[in-house]
There are 2 protein chains.
Amino acid sequence: MAEWKNLDTLASFEELQKCGRVDLAAVMSGESGAERVKEYSVPMAEGLTYNYAAKAVDDETLSVLKKLAEEAQLSGKFEELYNGAVINTGEKRLVLHQLCRGQLGGDVIADGVNKRDFYVEQQKRIADFAGKVHRGEIVNEKGEKFTSVVQIGIGGSDLGPRAMYLALENWARVTGHLKMTAKFISNVDPDDAAAVLASTDVPHTIFILVSKSGTTLETLTNESFVKDALEKEGLDPAKHMIAVTSETSPLAKNAGYLDAFFMDDYIGGRYSSSSAVGGAVLSLAFGPEVFAEFLDGAHAEDELAKEKDPLKNPDMLDALIGVYERNVLGMEATAVLPYSQALSRFPAHLQQVDMESNGKSVNRFGEPLDYVTGPVIFGEPGTNGQHSFYQLLHQGTNIIPLQFVGFRKSQIGSTSQQKLCANVAAQIVAFACGKKDENRNKNFEGGRPSSIIIGEQLTPASLGALLAHFENKIMFQGFLWNVNSFDQEGVQLGKVLAKRVLAHNTDGALKEYSDLLDI
Amino acid sequence: MAEWKNLDTLASFEELQKCGRVDLAAVMSGESGAERVKEYSVPMAEGLTYNYAAKAVDDETLSVLKKLAEEAQLSGKFEELYNGAVINTGEKRLVLHQLCRGQLGGDVIADGVNKRDFYVEQQKRIADFAGKVHRGEIVNEKGEKFTSVVQIGIGGSDLGPRAMYLALENWARVTGHLKMTAKFISNVDPDDAAAVLASTDVPHTIFILVSKSGTTLETLTNESFVKDALEKEGLDPAKHMIAVTSETSPLAKNAGYLDAFFMDDYIGGRYSSSSAVGGAVLSLAFGPEVFAEFLDGAHAEDELAKEKDPLKNPDMLDALIGVYERNVLGMEATAVLPYSQALSRFPAHLQQVDMESNGKSVNRFGEPLDYVTGPVIFGEPGTNGQHSFYQLLHQGTNIIPLQFVGFRKSQIGSTSQQKLCANVAAQIVAFACGKKDENRNKNFEGGRPSSIIIGEQLTPASLGALLAHFENKIMFQGFLWNVNSFDQEGVQLGKVLAKRVLAHNTDGALKEYSDLLDI
């Protein structure tokens with residue numbers, strides 16, 4: 001059994017604080033810089049590479065980070081997790097998103113069920129359903145084929161699947177895999193649902209209602225909005241909707257839906273892109289075989305994450321360097337900067353996965369922590385950002401570590417991909433090395449750390465590996481900080497108070513705000 | 001003439017550091033909380049209200065902030081700016097975006113031209129052009145009406161106009177003002193342009209090429225991509241494109257475009273939504289009278305910003321409180337959280353305006369600063385965020401100030417707006433007051449400051465006021481930090497290095513990265 005200890009009780013963490021600081025601008029200049037780019041590189045799955053030459057680490061730091069990985073028992077904890085231990089201690093739950101993608105360890109039996117079998121069964125049921133829709137065996141009331149799909153969900157039921165869909169939409173269009181276009185309704189803002197419906201061919205659309213409990217306020221609000229719209233067009237909602245939910249929810253075995261596909265409590269919303277939550281919409285949009293490739297890519301990365309040596313384990317290494325930057329170098333935020341428009345919502349998804357997982361002030365035993373945990377995560381794609389907020393990243397008063405992502409080939413095979421790649425290469429060096437100028441306003445100090453994940457092309461498989469990389473990185477950081485990365489008590493209080501407002505059961509400031517907002 | 005001094009040389013800043021800290025959870029509880037919500041409120045233009053009850057300030061802090069506003073001569077500096085002083089010292093330029101919206105002071109004559117007349121003339125020319133397109137007097141080669149518009153631009157030519165368009169698209173659809181749908185191509189990623197074109201009715205589309213110099217790499221790359229697409233459909237690009245550019249650029253008076261509308265060097269990209277850069281696309285999409293309402297709303301807020309007393313000047317007050325949080329309370333980021341799906345890209349736009357303006361380490365004279373300047377800005381709309389990264393905002397180890405925006409009525413007039421408003425009211429109180437729980441994992445410390453801008457409905461006029469509020473806030477913060485908020489030297493180095501990469505003129509780390517990326 002792994003021992004769960006706070007980061008600041010580990011001898012190797014103390015040693016880490018004493019490591020000499022690396023002068024990034026110096027080591028990244030000249031021949032030494034070229035050497036680092038060649039050396040500080042780890043293969044990931046599906047042809048991706050994690051390159052950390054421009055991080056403020058050297059062989060000494062790396063050797064202490066390796067000790068830290070051992071002392072914090074990162075591999076042992078991961079092993080316990082994928083073998084079915086109750087890692088989510090707050091909610092007393094297993095943590096099984098990796099199991100959707102493949103068997104990493106022994107059989108995991110929970111609630112009397114082999115969970116791998118359960119996930120695979122849902123994948124098969126979804127594949128069958130999608131196949132029937134694509135072949136025109138399941139059709140609308142006029143006997144016409146469904147051509148688009150709209151997912152109604154919120155939080156993890158929205159951000160992840162949406163980011164994955166957008167990442168592959170263009171690829172699918174070019175490669176002939178775009179079977180149905182997908183859209184997403186997530187905000188309780190009625191203007192959101194209205195805008196999506198206004199641009200949707202409603203009679204030829206399947207709506208996917210995603211709610212684990214079947215009781216999520218926002219999702220049910222949007223569902224009634226959609227049902228009204230269907231009825232107004234003279235359509236029967238029951239012939240247009242499927243549910244993704246838990247087996248015990250009111251949405252399961254409910255005649256109001258064409259079919260229902262199941263998830264369970266062992267996969268948190270933000271980790272659910274690999275489950276039926278992502279599976280239904282992605283299989284309908286691109287075909288089940290594409291979703292299977294995505295899962296295979298994620299599984300291959302998960303397998304890599306089992307490696308004990310962090311220098312051969314890109315997910316663990318990324319986690320360790322991040323903790324060094326956060327807890328030793330004192331950096332408070334991380335920017336995620338994909339040089340790929342297809343990854344436009346990937347940073348927003350990571351923002352959720354990371355900040356909801358590790359934005360905690362107590363350890364897994366509920367004891368207050370004396371060190372900082374999860375950073376602010378933000379980002380936008382590629383060259384857009386470099387014409388805007390990069391100003392602060394280059395010349396602002398705080399240093400923000402950067403995570404670049406880039407691909408050698410565009411999804412459509414255009415030549416201007418060269419320019420995109422030239423930009424990301426240039427930025428890494430500009431941030432690391434800077435450039436002296438006598439005009440201080442044009443002076444770049446450099447010393448601003450970044451890493452880059454480089455791939456051949458953004459495909460279903462490499463997208464799966466990319467997603468798994470970050471999920472695993474966040475998991476390892478949670479282990480290092482000794483927090484429970486799999487609950488989210490911090491989102492509860494707002495929900496409770498919102499119900500009080502709607503029941504007009506308020507006083508003090510809450511009543512005044514309610515009045516101001518005409519509630 | 002105003003005196004430009006560093007923040008840390010001001011007596012009132014020293015006094016501010018000595019102010020007693022406000023226990024936000026305590027003062028926001030019970031009757032005192034109710035009183036604060038009523039009292040700590042300032043009217044903005046167009047029916048908006050800036051409420052700062054949940055900020056960690058009290059009457060003492062506010063009185064010192066007022067002294068700071070005076071000592072830093074915020075009003076005097078603004079007056080110099082709108083009367084045409086060379087406020088952008090680095091580039092030796094005037095700063096005139098407010099002048100697009102109305103005359104705030106005396107005539108501004110530059111380059112021998114009355115600049116207000118120049119901006120109004122461009123607005124009229126755009127209005128004429130848009131009217132002809134809408135009435136079918138300017139048509140495509142087959143004599144058919146144009147039905148959509150695609151803007152090609154990057155950075156400020158993209159983020160602002162895109163955010164404004166999205167903010168009003170649904171409103172326009174409901175109120176019958178949606179004359180043409182608009183899309184945007186911005187990323188040099190060829191997959192971006194391809195995806196936009198794939199979902200665009202190209203033969204019925206006007207493309208707007210936006211580039212001040214007419215030489216922006218990304219924009220010209222995207223232009224050739226679009227021209228190729230037009231030619232492949234047998235269409236003449238010159239009959240489908242207009243330019244927004246400077247009068248001296250190669251795009252002006254160029255037979256390759258249907259027409260050209262002009263901007264100048266006195267409006268930075270990130271402040272250009274009010275200029276021809278926003279004017280062309282918004283006038284084509286919604287009609288020139290809607291764009292005029294937007295400008296009127298912005299002008300009304302600009303007028304308010306002239307008020308000397310910060311307690312009656314919401315833009316200045318917001319700026320002062322932000323500097324207090326950043327430089328006295330030591331907070332490093334700010335989250336912008338609109339409870340309105342229509343404002344989905346508004347945080348990304350503010351991210352640019354704020355971080356590019358104030359992410360500086362030297363003062364306006366090029367001297368290094370000993371205090372922090374612009375924070376990281378990030379955000380996502382409403383209830384999506386509260387199901388995701390709010391976890392860290394509520395229970396993370398760092399305190400992040402929050403900027404909420406909410407409206408009493410939805411753009412389509414639905415009843416579920418109540419739920420949206422209930423959520424934002426609940427969140428403000430949850431962040432401020434927290435909730436004690438013996439289970440520390442369910443404990444909320446509170447003390448997390450926020451403000452809210454409340455409006456009746458998001459309309460062209462209130463959107464204009466909202467945008468101007470933040471532009472003015474950022475300007476006042478730049479005055480306080482004594483930085484030049486109107487240049488962006490930090491985005492230059494990357495451009496220079498990217499050109500070297502494309503010319504294969506690299507060595508060291510840059511060459512290695514180029515090789516890794518197959519450039």
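**Two copies, one shared surface**

Of the interface residues of chain A, 100% are also interface residues in chain B, so the copies meet through the same surface. This is a predicted model: local features need pLDDT of at least 70, side-chain atom pairs count only at pLDDT 80 or more, and totals for chains, interfaces and linings use all residues. Residues are numbered from 1 along each chain as its sequence is written, while chains are lettered from A and ligands numbered from 1 in the order in which they are written.

Start with the contact between the chains. On chain A, 122 residues are in contact with 122 residues of chain B (contact: C-beta atoms, placed from the backbone, within 7 Å). Helix 16 (residues 417-433) of chain A gives the most to this side, with 13 residues. Helices (H or I, at least four residues) and strands (E, at least two) are DSSP runs, numbered from the N terminus. By class, the side of chain A that touches chain B holds 50 nonpolar, 47 polar and 25 charged residues. Here Ala, Val, Leu, Ile, Met, Phe, Trp, Tyr, Cys and Pro count as nonpolar, Asp, Glu, Lys and Arg as charged, and the others, Gly among them, as polar.

Next, a sheet in chain B. Five strands form an open sheet in the order 6-5-7-8-9, with parallel pairing (strands pair if DSSP finds at least two bridges between them). Strand 6 (181-185) and strand 9 (259-263) of chain B stand at the edges, each with a single partner strand, so one side of each is left without a neighbour in the sheet. The twist averages 20° from one strand to the next. Strand 5 (residues 148-152) and strand 6 of chain B pair over five bridges. Gln151(B) has Phe184(B), in strand 6 of chain B, as its bridge partner.

Helix 6 of chain B packs on this sheet, touching strand 7 (205-210) and strand 9 of chain B. The direction of helix 6 makes about 150° with that of strand 9 of chain B. Axes are lines fitted to C-alpha atoms, for helices over the stretch in contact, and angles run from 0 to 180 degrees between N-to-C directions.

Arg116(B) lies in helix 6 (residues 115-134) of chain B.
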